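Here's a quick briefing for anyone opening this structure for the first time. Take a look at the sequence and the model, then read on.

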Amino acid sequence: MSATDVTEDPHLPEYQVLELFSGIGGMHFAIERSGKRYKVVSAIDINPVANAIYNHNFGANKASNSNILSLTPDRIQKLGVNVILMSPPCQPFSRNGNFKDVDDRRADPFVHLCDLLDKIPTVQFILLENVKGFERSQACELYKTRLSAAGFRFKEYILSPHDFGVPNTRHRYYCVAKRTEFRNPSDEIVSKPTLQHVGTAKRICDLVEPESEKLNRYLLKDDLLRKRLAIMDICTPDSTNSMCFTKAYTHYAEGTGSVYSPLMRSEFDAIYKQIETTDDDDEKLKLLRSLRVRYFTPAEVAKLMCFPDDFEFPKQTTDKQCYRVLGNSINVLVVSSLFDEMDW
């Protein structure tokens, strides 16, 4: 289990963090990974499943089910907050949400936070994460306008864990805002990590669980193998990348994340060629089953998103719930690298 705070100093941590839209604690794990001295003074999310997972990993009642629309400058000041971390709902800025932007009611809490920016002088640093495409939204323009009016400078990024050596693609927009100058300011959106955060490229075999009978329940059903396997992105142990996992993983076959076969790519391709040239349906199904194609487990998806080894889901959490909250979360490694800008 993770510690509730990380600090190398017995005195009060320098960074007093308010974690908004806190989900399963991705931002918390990221600042922990960065090694900064911090204390999360409040974590807020309206999803009870996500809050239960957060509290399982960080301690009872650490995350609260509160309405961000009720958050006031006075409350932020009383908490002593000088850092805000947030990952607002991405649906208003995505295809699934019909790109309704600020007209989507799910964007109301974020718009409310924009209205608070010039009223929270104690806050020195804000980190925001959202879906790629957010940078073209009205909400993003509103946010940057309000940041500037409140005396913040900001720097924008679009980064993917694959550029850090992680075998997963997950492009996301990030905005780092602070009241002091950036060491390396940029008017352009930064699209590559600094070299110090780029590790040796990993393969999928470095992250998946050893094959065992307990994984059989993640095998693709026969009907899915017959009808949809051809359109799915299939990883093998030697793969160096995987698709972005969304909250609809396992619900839709296409575009929600990769699946996995324990066969090496050469062996997989050889069997697949036999499938394409076989007319006998029974033989074809036998070959399809021999590929052992399965979904990545929730624990494996969490590893691809760089959650620490001691991250856990409560036993009562269903696989469907796990996939949904992971799809809404962040890559811990990528976000931790952005705390390099935190010093003021």
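This is a predicted model: local features need pLDDT of at least 70, side-chain atom pairs count only at pLDDT 80 or more; totals for chains, interfaces and linings use all residues.

**A quick tour of sheets, domains and charged pairs**

Residues are numbered from 1 along each chain as its sequence is written, and side-chain values use heavy atoms, with hydrogens and water left out.

**Sheets and strands**

- A word on terms: helices (H or I, at least four residues) and strands (E, at least two) are DSSP runs numbered from the N terminus, and two strands pair if DSSP finds at least two bridges between them.
- Cys235 has Tyr260 in E9 as its bridge partner.
- Another open sheet has seven strands, ordered E3-E2-E1-E4-E5-E7-E6, again with mixed pairing.
- Its edge strands are strand E3 (63-64) and strand E6 (153-159), each pairing on one side only.
- E1 and strand E4 (residues 83-86) run parallel and are joined by four bridges.
- Leu18 has Ile84 in E4 as its bridge partner.

- The protein chain splits into domain 1 (15-196 + 330-341) and domain 2 (210-296), with bounds from an automatic or database domain assignment.
- Their C-alpha centres lie 35 Å apart.
- Seven residues of domain 1 are in contact with seven residues of domain 2 (contact means heavy atoms within 4.5 Å).
- About 570 Å² is buried between the two domains, and carbon and sulfur atoms give 30% of that (buried area is the accessible area, with a 1.4 Å probe, that two parts lose on being put together, summed over both).
- Pro167, Asn168 and Thr169 of domain 1 lose the most area to domain 2, together 57% of what that side buries.

**Salt bridges**

- The count comes to 19 salt bridges (a side-chain nitrogen of Lys or Arg within 4 Å of a carboxyl oxygen of Asp or Glu).
- Between domain 1 and domain 2, though, the count is zero.
- Glu14 forms a salt bridge with Arg37, with the closest N and O atoms 3.4 Å apart.
- Glu14 lies in the segment before strand E1 (15-20) and Arg37 in the loop between helix H1 (26-34) and strand E2 (38-44), so the pair ties together parts 23 residues apart in sequence.
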